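This report looks at charged side chains that pair up within a protein chain.

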Amino acid sequence: MSVLPSSGSATYMDSGNQNPDTFNNFFERWLVEQNQHLRELVAASRQQSSVDEQSLRCLVQRVLDHYEHYYKAKAKWGKQDVLAMLSPSWISKFEDTFLWIGGWRPSIAFHLLYSKSGMQLEDQLDELIRGMGRGDLGDLSPTQLSRINELQIKTIREEKEISEKMAKHQESAADSSMVELSHLVSEMMRKGDGDGVDVEKDKVESAMESKEEGLKEIFLRADDLRFRTLKTVIHILNPIQSVHFFIAAAELHLRIHEWGKRIDHKHHQPS
């Protein structure tokens with residue numbers, strides 16, 4: 001996955017030619033900021049008894065704003081080059097295998113939440129038996145669990161709808177119009193009819209642009225679900241629980257990115 005982004009980051013995002021290379025730089029800067037936020041979150045979690053709730057709320061909001069900044073940037077670049085966003089060069093091959101339409105699968109947020117909750121529940125079991133909870137993700141209330149379950153059902157349903165839309169769009173690559181056009185151009189190429197191929201160029205470009213527009217719509221919808229899911233989970237949790245959730249999310253994201261890059265580097269080493 002993934003404090004307010006600096007004005008420098010926002011300015012950088014809006015300036016120059018927005019191509020995959022510039023998004024790569026943006027992403028690397030965003031990761032540095034995420035690492036900085038992780039240190040703040042860990043410090044807050046260790047000092048929660050001495051940190052007031054309002055300060056925790058401000059910290060949580062800054063981190064959430066940072067994620068929102070990321071998705072706004074993705075949307076901006078995605079509208080200009082959705083193909084690059086769906087096949088990102090700025091992540092490792094390992095990370096790429098786990099992508100769902102250009103990012104993490106929204107339902108993973110619940111697996112992350114329940115995994116961390118289970119770890120923290122087990123860690124404080126003796127304290128809970130004595131009626132002394134820590135207020136972290138091991139202390140989710142029945143109301144919170146019910147709301148999370150409702151959100152999970154809703155998210156999985158919408159995730160499935162987007163997946164089905166993507167599958168249908170992928171199948172359209174072999175619809176009758178594409179098969180007919182590919183055959184027509186192939187026949188002209190076999191006959192050495194360069195002029196005919198040029199004549200059909202507009203039809204080819206139109207067909208490809210139509211496919212790209214469809215991908216763009218699906219990509220933006222997937223990212224919208226990703227951020228809405230994250231935002232709603234945070235609204236269900238209390239401030240200190242949100243801190244622990246963001247810690248788990250950042251640690252998982254940063255370490256998988258790091259491990260994946262290490263594997264890529266290893267595979268590129270001469271044998």
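A residue counts as buried when its relative accessible area is under 20%, as exposed when that area is over 50%, and as partly exposed in between. The model discussed here is a predicted one. With a relative accessible area of 16%, Glu158 falls under the 20% limit and is therefore buried.

**Salt bridges**

The structure contains 14 salt bridges.

| Side chains | N to O distance |
|---|---|
| Arg105 and Glu159 | 3.0 Å |
| Arg228 and Glu158 | 2.5 Å |
| Glu217 and Lys165 | 3.8 Å |

Arg105 and Glu159 form a salt bridge at 3.0 Å. This pair links distant parts of the chain, 54 residues apart. Arg105 sits in the loop between helix H5 (93–96) and helix H6 (108–123), while Glu159 belongs to helix H8 (residues 142–171). Glu159 has 6%, so Glu159 counts as buried.

The bridge between Arg228 and Glu158 has an N to O distance of 2.5 Å. Because Arg228 lies in helix H11 (residues 201–236) and Glu158 in helix H8, the pair ties together parts that are 70 residues apart in sequence. Arg228, at 31% relative accessibility, counts as partly exposed, whereas Glu158 is buried.

Glu217 and Lys165 meet in a salt bridge at 3.8 Å. Glu217 is in helix H11 and Lys165 in helix H8, so this pair ties together parts that are 52 residues apart in sequence. Glu217 counts as partly exposed at 49% relative accessibility. Lys165 also counts as partly exposed, at 34%.

Some salt bridges share partners, and in this way Lys74, Asp223 and Arg226 are joined into one network.

**Packing of H8 and H11**

How do helices H8 and H11 pack? Their axes are 11 Å apart and the angle of packing is about 175°. An angle over 145 degrees counts as roughly antiparallel, which means that H8 is roughly antiparallel to H11. Which kinds of residue make up the contact of H8 with H11? The residues there divide into ten nonpolar, eight polar and nine charged.

Technical notes
Residues are numbered from 1 along each chain as its sequence is written. This is a predicted model: local features need pLDDT of at least 70, side-chain atom pairs count only at pLDDT 80 or more; totals for chains, interfaces and linings use all residues. Side-chain values use heavy atoms; hydrogens and water are left out. A salt bridge is a side-chain nitrogen of Lys or Arg within 4 Å of a carboxyl oxygen of Asp or Glu. Helices (H or I, at least four residues) and strands (E, at least two) are DSSP runs, numbered from the N terminus. Buried means under 20% relative accessible area, exposed over 50%, partly exposed in between (1.4 Å probe, protein chains only). Axes are lines fitted to C-alpha atoms, for helices over the stretch in contact, and angles run from 0 to 180 degrees between N-to-C directions. Angles under 35 degrees count as roughly parallel, over 145 as roughly antiparallel, 65 to 115 as roughly perpendicular and the rest as oblique. Ala, Val, Leu, Ile, Met, Phe, Trp, Tyr, Cys and Pro count as nonpolar, Asp, Glu, Lys and Arg as charged, and the others, Gly among them, as polar.
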